[in-house]
Amino acid sequence: MTSISVTVNGATKSHEVEPRMLLVHYLRETLGLTGTHVGCDTSQCGACCVCVDGIVVKSCTVLAVQADGAKVTTIEGMSAPGLLHPLQEAFWEEHGLQCGFCTPGMIMAADDLLRRNPTPTEQEIRAGLDGNLCRCTGYHNIVKAVQRAAGRMGQTRDTFTIEAMVGQTDEFPTPAKR
Ligand code: FES
Ligand code: FES
């Protein structure tokens, strides 16, 4: 067993893990963060996407021990309790999901895309989400959702970084209570 300490959604977690444990299993099974999904065993679907030190990764391709000392954000950390991140809201408004299985990974990947390119074209969105598979939607509404979120987030970019949102409920410019 190996000791690791990882900051997940703003809280530091320390555990003994097997060196072979994948990050996705650490998040789901050890921490109970089941919003991160496992949709394949070939590293293709992207359902397991999380943000590690500011970069989106497929957490089924990372060992938990490799995340030692890192800051990890999962779908549960995208917004404060009771509020939706603009991407989550846009997916809802544009019906960017059906079964929802791919949605957490899609949103994590889309957030990474919008941090690198706040005003992506449709083609750039499709290329940016190339590593995320959806079995239901045909992608059209997912693209529309990312475009809608980009329009909203572009005006207040700093406020909508994951890091800025976590734990700062009072600073949301457009709170969306559900
Ligand atoms: S579960 Fe990680 S890419 Fe499919
Ligand atoms: S909404 Fe079902 S897999 Fe994408």
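1. Two residues are taken to be in contact if their C-beta atoms, placed from the backbone, lie within 7 Å. In those terms L87, Q88 and F91 of α2 meet T103, I107, A110 and D111 of α3, where helices (H or I, at least four residues) and strands (E, at least two) are DSSP runs numbered from the N terminus.

2. This is a predicted model, in which local features need pLDDT of at least 70 and side-chain atom pairs count only at pLDDT 80 or more, while totals for chains, interfaces and linings use all residues. Residues are numbered from 1 along each chain as its sequence is written, and chains are lettered from A and ligands numbered from 1 in the order in which they are written.

3. Leaving aside residues up to four places away in sequence, V146 touches A110 and I125.

4. In helix α1 (residues 23–30) the buried residues (20 or more other C-beta atoms within 10 Å of their own, C-beta atoms being placed from the backbone; 12 or fewer is exposed, and in between is partly exposed) are L23, V24, H25, Y26 and L27. These buried residues pack against β2 (11–17) and β3 (49–52), and α1 is followed by G32, whose phi is positive, near 75°.
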